[in-house]
Amino acid sequence: MSGFLKLLFRNRLAAMGALVLMIILALILIAPLLPLQDPDVTATADRFKRPFADGHLLGTDHLGRDLLSRLLWGTRLSLAVGIAAALIAAAIGSAIGITAGYFGGRTDNIIMRGVDMLMAFPYILLALAIVAALGPGLMNALIAVAAVNVPFFARNIRGVTVGLAGREFIDAARLAGKGHMRIILTELLPNVLPVIIIAMSTTVGWMILETAGLSFLGLGSQPPQADLGSMLGEARSALISHPHTSIVPGIMIFLIVMSINLLGDGVRDALDPRLRSGALSRPRATTLVERTGDIPARTDDLLAIQDLHTEFHVGSRIYRAVGGVSLAVKPGECLGVIGESGSGKSVTALSVMGLVASPPGVITGGAVRFQGEDLIGAPYETLRRKRGDRVAYIFQDPLSTLHPLYTVGQQLAEAIQSHHKTSNTEARAHAIQLLSDVRIPNAAARADNYPHELSGGMRQRVGIAMALANEPDVIIADEPTTALDVTVQAQILSLLDDLRRDRGLAIIFITHDFGVVAQLCDRVAVMYAGRIVEEGQTQAVLDAPAHPYTRRLIACVPELGGGRRELAAIPGLPPLVDDLPPGCAFAPRCDKAQATCRTGEIALAGTAPRAVRCLYPEVTV
């Protein structure tokens, strides 16, 4: 609950709406305890008294009734009716939507066609028709407002339910022998409930307005009972001569509806799981830079990552995802970066072109130099020109990075045209050539396919083609073969190797697989807890790993045809990067660790190009 409130009140407008609404609720709840006049007692001698008149803080109406008293009691009634209407509409509409979405087929068609018929009528006219049929009265107005909002809830909840009804956990519940009602109550409803709460929080304000509108027309609250709508209706004849009688209830309606809507937006954001991580604000176009200390000098490398520090600031916690990484590649060279999940490989790669989401990501030190130019803190336009042009990325899951509504040919053409002035015809021809270069058969026809029409291997080839679209100097490949079968993986690796040799590309290849490193990479850097623990020529590292972590990683790789051997595993888990242990981060999992390993800073030592961060390495480097 505290986490929800913290997220809610990070939205300042939602916090302001909550504050205003709490003040209003406090006033109407203590109304019976306040020394107020009877809201229904008339005194014609006191008609139309101005605000701040003796005994009448907000003045009186056309019958001499105290406006403050009627305002508080009327607000109490309007809020009660609006919230009750929202609860009724949400309960009935959600039940209809869940039933239609869960059962589907003919049941869904019959129910939703009935809902469509209701939605075909303008909602205010439908409400008027219901009240006309039932007769004027506040209870009938409540029924009308709830009824016209049932289709809204039914449609929204049905859409969410359809997406959940085919999920594996629903199938598992059926296989476990659960009945329909039990599945709906225990499996579907808990998953749909946040959506129902969000829908209620964003519509209750409109229901209060609709109820006030019916009362304004004389179809809701009946004299002498007061609500905000009836107060406005009674005051309309004196709007010019005595405007305060209309302004007072009008301001209250505005404050209630505005505060509920602002609070509803905040509740929607706080309950949305996609917005819980990081901040609720829109991410910056480039990663936030707050560098301290000296900036490393330039080098002759094509791309040089120098003492890079990248952190995630989440509340009071600081996650040091990258803690002083230095890597470099030259033209035509392939550098493999390997390590367990959470070791900082992807964050290092994303930091190169300022793609780490901010908030919460912050680059706090070091430099990234491309052809000598420092990219850390560079203007957005500088980074935008280089992204996808001089430095390209191949991401792990191309289905999540390719746009589902555009063909792959259109997306390749866009990647070209965003950096170079090219006609549509030339861009399409180039796109087809790129598809052919990455060995996609029948490239001209495949250019008109959407991403979902291609296999995983084909989509990955499209991702490689997009990375090659502008003939970059550096490609950063973030585990591009992880989700592929062995045959397709071998083809992708062979393709990247051929392209590297033909075009002189520099490749930074992020992977978990030492087999991939052995096949493709010239050098390898092993990462652990955000730092490089070993670096060297690939064959040298594979033949004689120096760091105990590297040795344990290699031991985890299964061997074919080597006879029986125990499949090794590294005990324990990687450390949390917001609470790294002193000394060597691998010491708690290392079978060679000694007391000296757990104190002080351990430097990356050795003679280039072989280096190891260990006091007691397996071999001398």
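Predicted model: local features only at pLDDT ≥ 70, side-chain atom pairs only at ≥ 80, totals over all residues.
Helices (H or I, at least four residues) here are DSSP runs, numbered from the N terminus.

As a rule, most residues other than glycine have a negative phi, and most peptide bonds are trans. Phe-52 goes its own way: this residue is not a glycine, yet its phi is positive, about 70°. You'll find Phe-52 in the loop between helix H2 (12-29) and helix H3 (67-103). Its relative accessibility is 70%, and since exposed means over 50%, Phe-52 counts as exposed.

Asn-442 is another non-glycine residue with a positive phi, about 55° in this case. Asn-442 sits in the loop between H16 and helix H17 (443-446), and with a relative accessible area of 58% Asn-442 is exposed too.

**A helix crossing**

Two packed helices are described by the angle between their axes and the distance between the axes. For helix H15 (residues 408-417) and helix H16 (residues 424-437), the angle is about 115° and the axes are 8 Å apart. H15 and H16 are therefore roughly perpendicular to each other, and their crossing is right-handed.

Who touches whom? On the H15 side the contact has Gly-409, Leu-412, Ala-413, Ile-416 and Gln-417, and these meet Asn-424, Ala-427, His-430, Ala-431, Leu-434 and Leu-435 of H16. Sorted by type, the residues of this contact come out as 7 nonpolar and 4 polar, with no charged ones.

**Aromatic pairs**

How many aromatic pairs does a search of the whole structure find? The count is 6. One of them is Tyr-102 with Phe-103, an edge-to-face pair with 4.9 Å centre to centre and 80° between the planes. Tyr-102 is buried, at 6% relative accessible area, whereas Phe-103 is partly exposed at 41%.

Tyr-528 and Phe-586 make another pair: their ring centres are 5.3 Å apart and their planes stand at 85°, so this one is edge-to-face as well. The pair links distant parts of the chain, 58 residues apart, with Tyr-528 in strand E10 (residues 523-528) and Phe-586 in the loop between helix H22 (548-555) and strand E12 (611-612). Both Tyr-528 and Phe-586 are buried. Ring pairs also bring in Tyr-549, giving a cluster of Tyr-528, Tyr-549 and Phe-586.

**Around Leu-79**

Last stop: Leu-79, in helix H3. Is Leu-79 buried or exposed? Its relative accessible area is 5%, and because buried means under 20%, Leu-79 counts as buried. Leaving aside residues up to four places away in sequence, Leu-79 touches Ile-24, Leu-25, Ile-28, Ile-208, Ile-256 and Ile-260. Leu-228 is 149 residues from Leu-79 in sequence, but the two are 9.5 Å apart in space, C-alpha to C-alpha.

Terms used: Residues numbered from 1 in each chain as written. Heavy atoms only, no water. Axes fitted to C-alpha atoms, helices over the stretch in contact; angles between N-to-C directions. Helix = DSSP H or I, 4+ residues; strand = E, 2+ residues; numbered from the N terminus. Parallel < 35°, antiparallel > 145°, perpendicular 65-115°, else oblique. Left-handed = near helix turned anticlockwise from the far one by under 90°. Contact = heavy atoms within 4.5 Å. Nonpolar A, V, L, I, M, F, W, Y, C, P; charged D, E, K, R; others polar. Phe/Tyr/Trp six-rings, centres within 6.5 Å; stacked < 30°, edge-to-face > 60°. Buried < 20%, exposed > 50% of the residue type's maximum accessible area, 1.4 Å probe, protein only.
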